[in-house]
Amino acid sequence: MNLIIDNLDFHQLVENSLNSILIVCEDQTIRYCNKAGLRLLNLTSLDQILNKKISQFLPPDLHDMCNEGLTRVIEKQEIIKEMDIKIIKNHGEVAEVEIMTIPFYFENKVLAQVIIQDITKRKIAEKRLKDREKLATLGQLAAGIVHEVKNPLTAVKGFLHLIKESHNHPYLDTMESELEKAFQTLQNLLQVSKPDLLDEPLILIDVCKELNSILLLFQEKLYSVEVEMDLRDSDKRFYGKKNLLLKSFFNLIKNAIEAIMDDGKIKIEHYYHEGWIHIKVSDTGQGIPEEKLVLLGTPFYSSKPDGTGLGLTQVFTTVHEHGGNISVQSVVGKGTTFHIQLPVKMN
Ligand SMILES: Nc1ncnc2c1ncn2[C@@H]1O[C@H](COP(=O)(O)OP(=O)(O)OP(=O)(O)O)[C@@H](O)[C@H]1O
Ligand SMILES: [Mg+2]
C-alpha cells in the first residue's frame with residue numbers, strides 16, 4: 001500500500017480533482033490553478049489566471065474579507081473553514097461556491113491553498129424545491145379558500161338573479177358585475193394554484209413564433225416602449241402546455257411594460273443551450289427592491305393599485321410544472337430581467 005502512495009503522481013491527482021484548487025501568495029497573486037479551477041472560472045488557459053490577483057474573481061464587497069483571510073492563513077497559519085460566497089467568472093457571470101482556505105507549505109514559505117466547490121446547481125435545486133413547497137402549500141390553501149367561498153357566492157348570485165326578476169334597481173347590476181369580478185378572481189386563483197386541473201396535452205411548441213404573436217396583443221401599449229427581439233435558435237421545438245406557457249409569456253411582458261414609467265425598452269431573448277431553451281424578458285423599468293425579490297410568485301403580492309398579484313404565481317407554477325427554472329435579476333431604477341429555462345426533452 002505504501003508503495004502505491006510513495007509512487008503516486010500527486011500533481012495528476014490534484015489536476016484531475018473535481019474541486020477547484022488555487023495556490024495564492026500573500027500579495028494575493030495566484031500561483032497555481034488546477035483544471036477544475038479553469039473550468040469554474042470559464043478560463044481556457046493558465047495565462048489568464050497565473051500572477052493575477054484573486055480579488056479579480058471576487059465581488060468588490062468581498063475584497064477586504066479576502067485580504068484579511070489571506071493574512072490569517074499565511075501569517076497566523078489558521079484554517080478558514082467552509083463558507084458560501086459568490087465569485088465572478090470570466091465574462092462577468094456569477095457563481096455560488098463553497099470555499100475553504102488552508103496554509104500551504106512550500107520551500108520554507110507559507111502560501112494559501114484555496115479549495116473551491118461550485119454549488120450553483122445545488123443552490124438552484126434548493127431554491128426550486130423551496131419555491132415548489134411554498135407554492136404547493138399556498139396552492140392547497142388557495143384551493144380550499146376558493147372552494148369555501150365559491151359556494152356561498154353562488155347562492156348569492158342565484159338570489160340576486162331572482163330579485164332582479166321582480167325588482168328593478170340600478171344597484172342590482174353593480175352588485176352582479178362586482179360578484180362576477182369576485183368569481184373571476186377565484187377562477188384565476190384556482191388556475192394558478194392548481195395548474196394540474198387544466199389537463200392540457202403536451203404539444204410541440206414553436207416558442208419564437210408564440211413570442212412574436214403574443215407581442216401583437218400589446219400593440220397599442222407599445223407606442224412609448226421600444227421592443228427588441230433577439231430570437232436565436234428558432235428551429236428548436238419544445239413539448240409543453242401551450243396555453244399555460246402563452247399565459248406566462250403574456251404575464252411577463254405585461255409586467256415589463258407596466259414597469260416602464262415613461263420611455264423605456266423591453267428585450268425579449270430566445271436561445272438554446274445544452275438541452276435547455278432560454279427565454280429572457282428584460283425591461284428598463286423601475287426595478288424591484290432586493291427585499292421584495294423573495295415575494296415574487298407569492299399569490300396576491302402586488303405593488304400595483306389594481307394588480308391581482310397572480311401573474312407571477314402563474315408564471316412560476318407553469319415553469320416548474322414544465323421542469324424548468326426561473327430566476328430574476330433586478331436593479332432599482334435600472335430594470336429587471338426574468339430568465340426562464342425550459343428543458344427540451346426528446347420524447
Ligand atoms: N418587470 C417587473 N419590474 C418591476 N416590478 C415587477 C416586474 N414584474 C413583477 N414586478 C413586481 O411583482 C409584483 C407581482 O407581479 P404579478 O405579475 O404577480 O402581479 P401584478 O402585476 O401586480 O398584478 P397582475 O399581474 O394581476 O396585473 C408586481 O406588482 C410588481 O411589484
Ligand atoms: Mg402582472
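**Close-up 1. Helix 5 and helix 10 cross with left-handed geometry.** In this predicted model, helix 5 spans residues 120–166 and helix 10 spans residues 311–321. Their axes come within 11 Å and cross at roughly 120°, which makes helix 5 oblique to helix 10. Look for Arg128, Asp131, Arg132 and Leu135 on the helix 5 side, where they meet Thr313, Phe316, Thr317 and His320 of helix 10. Sorted by class, this contact holds two nonpolar, three polar and three charged residues.

**Close-up 2. Helix 7 passes helix 8 in a right-handed crossing.** Here we move to residues 207–216, which form helix 7, and residues 242–259, which form helix 8. The two axes cross at roughly 50° and come within 10 Å, so helix 7 is oblique to helix 8. Helix 7 brings Val207, Glu210, Leu211, Ile214 and Leu215 to the contact, and helix 8 brings Lys242, Leu246, Phe249, Phe250 and Ile253.

**Close-up 3. Ligand 1 and the residues around it.** Ligand 1 has 21 residues around it, and those that come nearest are Lys254, Ser302, Ser303, Lys304 and Thr308. An N or O atom in the Ser302 side chain is 2.5 Å from an oxygen atom of ligand 1. For Ser303, a side-chain N or O atom is 2.4 Å from an oxygen atom of ligand 1.

**Close-up 4. Asp283 beside a nitrogen atom of ligand 1.** The distance to follow in this view runs from a polar side-chain atom of Asp283 to that ligand nitrogen, and it is 2.9 Å.

Key:
Residues numbered from 1 in each chain as written. Chains lettered and ligands numbered in written order. Predicted model: local features only at pLDDT ≥ 70, side-chain atom pairs only at ≥ 80, totals over all residues. Heavy atoms only, no water. Axes fitted to C-alpha atoms, helices over the stretch in contact; angles between N-to-C directions. Helix = DSSP H or I, 4+ residues; strand = E, 2+ residues; numbered from the N terminus. Parallel < 35°, antiparallel > 145°, perpendicular 65-115°, else oblique. Left-handed = near helix turned anticlockwise from the far one by under 90°. Contact = heavy atoms within 4.5 Å. Near = heavy atom within 4 Å. Polar contact = N/O pair within 3.5 Å; in protein donor to acceptor, adjacent residues only side chain to side chain. Nonpolar A, V, L, I, M, F, W, Y, C, P; charged D, E, K, R; others polar.
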